Amino acid sequence: QVQLVESGGGLVQAGGSLRLSCAASGHTFSSYAMGWFRQAPGKGREFVAVISRSGSSTYYADSVKGRVTISRDNAKNMVYLQMNSLKPEDTAVYYCAANSALLWSRGYDSSQAYDYWGQGSQVTVSS
């Protein structure tokens, strides 16, 4: 089992940057592919990015591609989401999640593929 705690959210102006962090507990962090999702008010949970266990593979939603970078540090049990050129439509609660599936790359953009979730971190982008 793994526990996840996000941090780094806040209020930023459009065009600005934020880096979200997700701290994971447990000794098997490197066994999980890690994803970031977001949920805006009145909307469903939306995939943002995912990174493989080793960090060698990443996938991004089209809506954030080129503006967002996911990374991880397995030695520190951390995963990060660097967000640049933020837009008001990026406003949402951002969640990190852990995927234990061997074939994690199947359905990586579905929240149902993830076993553990953090509590979320609010990101608000003002225009």
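**Exercise 1. A charge over a ring**

Task: In this predicted model, find which ring the charged end of Arg72 sits over. Then find which residue lies over the face of Tyr95.

Solution: 
1. Start at Arg72. Its charged end sits over the ring of Phe29, 4.4 Å from the ring's centre.
2. Move to Tyr95. Arg45 lies over the face of this ring, at 3.8 Å from the ring centre.

**Exercise 2. Aromatic pairs**

Task: Classify the pairs Phe37 with Phe47 and Tyr59 with Tyr108. State where each partner sits in the chain.

Solution: 
1. Recall what is needed. A pair of aromatic rings is described by the distance of the centres and the angle of the planes.
2. Count the pairs. The total is 9 aromatic pairs.
3. Take Phe37 and Phe47. Their centres are 5.7 Å apart, with 75° between the planes. Planes over 60 degrees apart count as edge-to-face, and this pair is edge-to-face.
4. Phe37 belongs to strand 4 and Phe47 to strand 5, so the pair ties together parts 10 residues apart in sequence.
5. Check burial. The limit for buried is under 20% relative accessible area. Phe37 has 1% and counts as buried. Phe47 has 9% and is buried.
6. Tyr59 is in strand 6 (residues 58-60). Tyr108 is in the loop between strand 9 and strand 10 (116-117). The pair links distant parts of the chain, 49 residues apart.
7. Check Tyr59. At 34% relative accessible area, Tyr59 is partly exposed.
8. Join the pieces. Phe37, Phe47, Tyr59 and Tyr108 belong to one aromatic cluster, which also includes Tyr95, Trp104, Tyr114 and Trp117.

**Exercise 3. Salt bridges around Arg38**

Task: Name the residues that form salt bridges with Arg38. Then say which residues make up the network.

Solution: 
1. Side chains of opposite charge can pair when their charged atoms come close.
2. Count. The whole structure holds 4 salt bridges.
3. Take Glu46. Its salt bridge with Arg38 has the closest N and O atoms 2.8 Å apart.
4. Compare accessibility. Glu46 is partly exposed at 33%, whereas Arg38 is buried at 6%.
5. Take Asp90. It also forms a salt bridge with Arg38, with the closest N and O atoms 2.9 Å apart.
6. Asp90 lies in the loop between strand 8 and strand 9, and Arg38 in strand 4. They are 52 residues apart.
7. Check Asp90. At 2% relative accessibility, Asp90 is buried.
8. Salt bridges with shared partners join Arg38, Glu46, Arg67 and Asp90.
9. Now Asp62. Asp62 forms a salt bridge with Lys65, with 3.2 Å between the closest N and O atoms. Asp62 is exposed at 68% relative accessibility.

**Exercise 4. The nonpolar core**

Task: Which residues touch the most other members of the largest nonpolar core? Trace the contacts of Leu81.

Solution: 
1. Recall the background. In soluble globular proteins, nonpolar side chains tend to be buried together.
2. The largest nonpolar core has 38 residues, and Trp36, Leu81, Met83 and Tyr94 touch the most other members.
3. Find the suppliers. Strands that each give at least two core residues include strand 3 (18-24), strand 4 (33-39), strand 8 (78-83) and strand 9 (92-99).
4. Trace Leu81. Set aside neighbours within four places in sequence. Among the remaining contacts of Leu81 are Leu18, Leu20, Trp36, Val48, Ile70 and Tyr94.

How values were computed: Residues are numbered from 1 along each chain as its sequence is written. This is a predicted model: local features need pLDDT of at least 70, side-chain atom pairs count only at pLDDT 80 or more; totals for chains, interfaces and linings use all residues. Side-chain values use heavy atoms; hydrogens and water are left out. A nonpolar core is a set of buried Ala, Val, Leu, Ile, Met, Phe, Trp, Tyr and Cys residues joined through side-chain atoms within 4.5 Å. Buried means under 20% relative accessible area, exposed over 50%, partly exposed in between (1.4 Å probe, protein chains only). Helices (H or I, at least four residues) and strands (E, at least two) are DSSP runs, numbered from the N terminus. Contact means heavy atoms within 4.5 Å. Rings of Phe, Tyr and Trp (its six-membered ring) pair if their centres lie within 6.5 Å; planes under 30 degrees apart count as stacked, over 60 as edge-to-face and the rest as tilted. A charge sits over a ring if NZ of Lys or CZ of Arg is within 6 Å of the ring centre and within 35 degrees of the ring normal. A salt bridge is a side-chain nitrogen of Lys or Arg within 4 Å of a carboxyl oxygen of Asp or Glu.
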